[in-house]
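Please find below a colleague's note, arranged as numbered points.

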Amino acid sequence: MKSWKQAGQHNTAKGSYTVKSGDTLGAIAAKFGTSVSSLHAKNVQVIGANADLIYPGQTITV
């Protein structure tokens with residue numbers, strides 16, 4: 001059985017999401033009803049300056 005992190009699913013109890021292959025910040029923002037700029041601002045320490053460059057396995061705050 002896969003855990004939520006292995007499956008790349010979101011964990012709304014903690015307000016986090018683990019990026020999975022094929023995800024974009026825009027798609028994640030849409031899934032959680034927020035904007036890309038807001039999501040990026042919350043996660044600049046994890047993502048870095050380029051909002052277009054995220055990696056599978058990164059855990060971001062939503």
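**Notes on the predicted model**

1. In the protein chain, 38% of the contacts between residues at least 6 apart in sequence join residues at least 24 apart, a contact being heavy atoms within 4.5 Å. This is a predicted model, in which local features need pLDDT of at least 70 and side-chain atom pairs count only at pLDDT 80 or more, whereas totals for chains, interfaces and linings use all residues. Residues are numbered from 1 along each chain as its sequence is written, and side-chain values use heavy atoms, with hydrogens and water left out.

2. On confidence, the mean pLDDT of the protein chain is 85, and 77% of its residues reach 70 or more, pLDDT being the predictor's confidence in each residue, from 0 to 100. Over residues 1-9 the pLDDT stays under 50, and for this stretch the model has 14 contacts beyond four places in sequence.

3. The secondary structure of the protein chain comes to 4 helices and 3 strands, and from the N terminus on the elements run α-β-β-α-α-α-β. Helices (H or I, at least four residues) and strands (E, at least two) are DSSP runs, numbered from the N terminus.

4. Of the 62 residues of the protein chain, 29% count as buried; buried means under 20% relative accessible area, exposed over 50%, and partly exposed in between, with a 1.4 Å probe and protein chains only. The chain exposes about 4,000 Å², of which carbon and sulfur atoms supply 53%; accessible areas come from the Shrake-Rupley method with a 1.4 Å probe, and for residues only the protein chains shown count as cover.

5. The largest nonpolar core has 9 residues, namely Tyr 17, Val 19, Leu 25, Ile 28, Ala 29, Leu 39, Ile 47, Ile 54 and Ile 60. Its largest share, 3 residues, comes from helix H2 (residues 25-31). A nonpolar core is here a set of buried Ala, Val, Leu, Ile, Met, Phe, Trp, Tyr and Cys residues joined through side-chain atoms within 4.5 Å. Leaving aside neighbours within four places in sequence, Ile 54 is in contact with Val 19, Asp 23, Thr 24, Leu 25, Ile 28 and Ile 47.

6. The structure holds 1 aromatic pair. Tyr 17 and Phe 32 form this pair, which is edge-to-face, at 5.8 Å centre to centre and with 70 degrees between the planes. Because Tyr 17 lies in strand E2 and Phe 32 in the loop between H2 and helix H3 (36-42), the pair ties together parts that are 15 residues apart in sequence. By the criterion used, rings of Phe, Tyr and Trp (its six-membered ring) pair if their centres lie within 6.5 Å, and planes under 30 degrees apart count as stacked, over 60 as edge-to-face and the rest as tilted. Tyr 17 is buried, with a relative accessible area of 1%, whereas Phe 32, at 24%, counts as partly exposed.

7. Which side chain does Thr 59 join through a polar contact of 3.4 Å? The partner is the side chain of Thr 18, a polar contact being a pair of N or O atoms within 3.5 Å; within protein, one must be able to donate a hydrogen and the other to accept it, and residues adjacent in sequence count only if both atoms are side-chain atoms. Thr 59 lies in strand E3 (residues 59-61) and Thr 18 in strand E2 (residues 16-18). Thr 59 is partly exposed, with a relative accessible area of 35%, while Thr 18, at 4%, counts as buried. Not counting residues up to four places away in sequence, Thr 59 touches Ser 16, Tyr 17, Thr 18 and Val 46.

8. Lys 20 is found in the loop between E2 and H2 and is partly exposed, with a relative accessible area of 31%. Its C-alpha atom is separated by 4.5 Å from that of Pro 56, 36 residues apart along the chain, by 9.4 Å from that of Ile 54, 34 residues apart, and by 9.6 Å from that of Thr 59, 39 residues apart. Pro 56 has its place in the loop between helix H4 (44-47) and E3 and, at 54% relative accessibility, counts as exposed. Beyond residues up to four places away in sequence, Pro 56 touches Val 19, Lys 20 and Ser 21.
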